[in-house]
Amino acid sequence: MGASDPEVAPWARGGAAGMAGAGAGAGARGGAAAGVEARARDPPPAHRAHPRHPRPAAQPSARRMDGASGGLGSGDNAPTTEALFVALGAGVTALSHPLLYVKLLIQVGHEPMPPTIGTNVLGRKVLYLPSFFTYAKYIVQVDGKIGLFRGLSPRLMSNALSTVTRGSMKKVFPPDEIEQVSNKDDMKTSLKKVVKETSYEMMMQCVSRMLAHPLHVISMRCMVQFVGREAKYSGVLSSIGKIFKEEGLLGFFVGLIPHLLGDVVFLWGCNLLAHFINAYLVDDSVSDTPGGLGNDQNPGSQFSQALAIRSYTKFVMGIAVSMLTYPFLLVGDLMAVNNCGLQAGLPPYSPVFKSWIHCWKYLSVQGQLFRGSSLLFRRVSSGSCFALE
């Protein structure tokens, strides 16, 4: 899955919903595969067929049934399915945009409201900066409710392009069938499976990120215009012309490298951690509710606790790893708006950075590598100019 999408995040940076969907989807695929294997190993005897509903002489193959029923995997309905994913992604993006907007303004250091005095769990007085809700209320007072959706159009286009790109890549380079990893696999075999799956995910993520990044840059710049009340970037087409004229082709890809590095570190860290937990800590013997494969009326009513645990392990690991890779997201977003002619990317808000490494070092020295990671309880750092009275 971030002010980054796929954004987020791979499936984590775009939000917890995307991560949960990915984890649940993996669990569902694993459960379906387990059910097919179990029925293949132990086919139901003929005398168990219901007398009023005799078993048909032949069953169509899974591929034919999928195509005939118009399921998600049918070739005829692939464009409809892709359009559905784009529409759902657009809805989630629009709903989450105010959250990303406020986060970006905090990332660039825009604090238009003074901190308030509060107490921590130890009863000591501390300074708290405005939370997301207070910040959003301030934006509404300045720009109205529509102001919370500044920069939404290029972000919608960026997410749609990313979704279409991933779908097209799956058609051109279909993933190989990868068996589910279990603790029955030896270390070499299971690691080979994880490496193969993660490499495929990394390829799709990097390509979609590179193609959608120019629109991401435009979206970031449209949003940070709130700081200086500029109107330099007002539309997608006009913004493309301005960036190309002032910065050339490379202007569309500023901040791309830290975003790519963050995606790669996230994917490998999340998948490897989830692999070691699923393969060596989750016991496959903990499975099946009483009743085995179910009864005659519902032969597929089986539930595996091991599969359920595995489906959520990747989700939990995604949250943990996304916190560690947040500095890549922050540096990438700051580079996207740095020295572009907007007040938010120039002193005193930010020095002009020579490279993303320069930006990283500057934030590290200031102790600001996780600036904007929290939107609810934001304490003033010790190095801030604010002081208790």
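Which residue in β2 stands opposite Thr 116? I looked up the pairing and found that Thr 116 stands opposite Tyr 128.

**Entry 1. Basis**

I noted that this is a predicted model, in which local features need pLDDT of at least 70, side-chain atom pairs count only at pLDDT 80 or more, and totals for chains, interfaces and linings use all residues. Residues are numbered from 1 along each chain as its sequence is written, and side-chain values use heavy atoms, with hydrogens and water left out.

**Entry 2. Overall figures**

I recorded 12 helices and 3 strands for the protein. Helices (H or I, at least four residues) and strands (E, at least two) are DSSP runs, numbered from the N terminus. The protein has 389 residues, of which 39% count as buried. Buried means under 20% relative accessible area, exposed means over 50%, and partly exposed lies in between, with a 1.4 Å probe and protein chains only. I also noted an accessible surface of about 21400 Å², with 64% of it belonging to carbon and sulfur atoms. Accessible areas come from the Shrake-Rupley method with a 1.4 Å probe; for residues, only the protein chains shown count as cover.

**Entry 3. The sheet**

I traced an open sheet of 3 strands in the order β1-β2-β3, with antiparallel pairing. β1 (116-119) and β3 (378-379) stand at the edges with a single partner strand each, so one side of each has no neighbour in the sheet. Two strands pair if DSSP finds at least two bridges between them.

I found 4 bridges between β1 and β2 (residues 125-129), which run antiparallel. In β2, Leu 127 is the bridge partner of Ile 117. β1 and β2 form a hairpin with 5 residues between them, and Gly 123 in the turn has a positive phi of about 85 degrees.

On the other pairing, β2 and β3 are joined over 2 bridges in the antiparallel sense. Here Tyr 128 has Arg 379 of β3 as its bridge partner. I then checked burial: 4 of the 5 residues of β2 are buried, so this strand is largely enclosed by the rest of the structure.

**Entry 4. Helix α6 and Thr 165**

The 21 residues of α6 should span 30 Å, and the end C-alpha atoms are 30 Å apart, which agrees. The buried residues of α6 include Leu 152, Arg 155, Asn 159 and Met 169.

Thr 165 is found in α6 (residues 152-172). Thr 165 counts as buried because its relative accessibility is 9%. I listed its contacts (heavy atoms within 4.5 Å). Leaving out residues up to four places away in sequence, Thr 165 touches Val 207, Ser 208 and Leu 211.

**Entry 5. Pro 214 in α7**

I located Pro 214 in helix α7 (residues 187-228). Its relative accessibility is 16%, so Pro 214 counts as buried. With residues up to four places away in sequence set aside, Pro 214 touches Phe 252 and Phe 253. The C-alpha atoms of Pro 214 and Leu 256 are separated by 9.1 Å, although these residues are 42 residues apart along the chain.

**Entry 6. A surface patch**

I noted that Leu 84, Phe 85 and Leu 88 make a nonpolar surface patch of about 310 Å². Leu 84 is found in helix α4 (residues 78-107), and at 46% relative accessibility Leu 84 counts as partly exposed. Patches are made of residues with over 30% relative accessible area and no salt bridge; like charges are joined within 9 Å, and nonpolar side chains (Val, Leu, Ile, Met, Phe, Trp, Tyr) within 5 Å. A salt bridge is a side-chain nitrogen of Lys or Arg within 4 Å of a carboxyl oxygen of Asp or Glu.

Terms used:
The expected span of a helix is 1.5 Å times one less than its number of residues.
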